[in-house]
Amino acid sequence: MKGKFPTEQFQGMETPFYFYDTRVLRDTLSSIRQELGKHDNWHVHYAVKANANPKVLNIIREAGFGVDCVSGGEIEASLKAGFPASKIVFAGVGKSDWEINIGLDSNIFCFNVESIPELEVINGLAAEKRKVARVAFRLNPNVGAHTHANITTGLAENKFGIAMRDMVSIIEHAQQLENVAVVGLHFHIGSQILDMGDFEALCNRVNDLQDELDRHHIRLEHINVGGGLGVDYQHPNRVPLPDFKAYFDTYAKKLKLRSGQTLHFELGRAVVAQCGSLITRTLYVKEGAFKKFAIVDAGFTDLIRPALYQAYHKIENITSEEPVEAYDVVGPICESTDVFAKQTDLNGVRRGDLLAIRSAGAYGEIMASQYNCRKLPKGYITEEF
Ligand SMILES: *Cc1c(COP(=O)(O)O)cnc(C)c1O
């Protein structure tokens, strides 16, 4: 055992694979619950798209959370994992009819609607089933998050949501429709956000919009502020838990809910990122002209974040105690972007050494692909060792 990994048990296993440290996951979930416990009427819907491994979903369900789904497949996976439909919210700019029908058939908590044409389709499909769909409108608050450009979602130029100036007219239009009930407003400004000022800006925007609703005598059941809280990719050991207190306190201090209103959150990354590591085996150590390469058996097919977002993941050699040297850690895929880290310090690496690519629990396993006809990585939890 080196550090927190059962390295001996890992030795004989087929690599690469994901390892989920359920102690970290459970600590994270209880930290969220502790903060939520301070507020009646606050609810967290875990964003399934971050990680839909059934073993992970099961632990999150046991902790009592709901889910945020962005596809029919995610609704199916959530129902299968035992989440009650009454805690499912369903977002996405392009919902297909079959996906809307799954939501209607299972009576989900709410559809987060992103356009008028979508509203009309939901109303029509609900009419066929003689049902009333609960809908919230996803508004684009034009709040910029200080994060990577590819993961901001709340700017006017992004494809998500309805423009704020259309809010009242779309609600009044929806109120004329017989098979939808408008129950809330929904927002989501981006991901890996560490500056609480961004969430504060969202709160201010929501407060203004609620004032406008008051002027039109519109009162909604709930406000859903989405997710986006980031994690410390640099220090997964020292800072394994996100700052949930600062996050929830921002909403407690800055957001003005109307009496009886419930507040909903959709955290994804913050829940699962730090519990997961991608375990990969070193195939070759190559001495380049200027530097050393550790060539490993995981590639961007297993973890695409570095190639897609230039994301940083801390890497540890969990086999060796040799003196530290700098390596480029690269995968076997025939693409130059198949690089996990450049000139990163690792305990001296030899063929066969296992490396842990840390903070890989979110947007890792779930984004794996079979490019190059590779196998999909498996995922294991602590209890399996
Ligand atoms: C992706 C997504 C989330 C979760 O985002 P994180 O940054 O992982 O917390 C929440 N809500 C919606 C609508 C999303 O698309």
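1. The chain has 385 residues, for which a compact globule would have a radius of gyration near 21 Å; the chain has 22 Å, which agrees. The radius is taken over C-alpha atoms, and the globule rule is 2.2 Å times the number of residues to the power 0.38. The C-alpha trace spans about 70 × 40 × 35 Å along its principal axes.

2. This is a predicted model, in which local features need pLDDT of at least 70 and side-chain atom pairs count only at pLDDT 80 or more, while totals for chains, interfaces and linings use all residues. Residues are numbered from 1 along each chain as its sequence is written, and side-chain values use heavy atoms, with hydrogens and water left out.

3. Of the 385 residues, 57% are buried (under 20% relative accessible area with a 1.4 Å probe, protein chains only; exposed is over 50%, partly exposed in between). The accessible surface comes to about 16,400 Å², and carbon and sulfur atoms account for 50% of that (Shrake-Rupley method, 1.4 Å probe). Among contacts with a separation of 6 or more, 73% are between residues 24 or more positions apart (contact: heavy atoms within 4.5 Å).

4. The chain has 11 helices and 17 strands. These are DSSP runs numbered from the N terminus: helices are H or I with at least four residues, strands E with at least two.

5. Strand β10 covers residues 262–265, and all of them are buried: Thr262 and His264 point one way, Leu263 and Phe265 the other. In a regular strand the side chains alternate between the two faces of the sheet.

6. β10 has parallel partners in β2 and β9. Strand β2 (residues 42–47) is joined to β10 by three bridges, and His43 has His264 as its bridge partner. β9 (residues 222–224) also pairs with β10 over three bridges, with Asn224 opposite His264. Pairing here requires at least two DSSP bridges between the strands.

7. In helix α4 (residues 72–80), the buried residues are Gly72, Glu74, Ile75 and Ser78. Seen down the axis of α4, these fall within an arc of 160°, so they line one face of the helix; the arc is that of the directions from the helix axis to the C-beta atoms. They pack against β3 (66–69), β4 (88–90) and α5 (97–106). Just after α4, Gly82 has a positive phi of about 95°.
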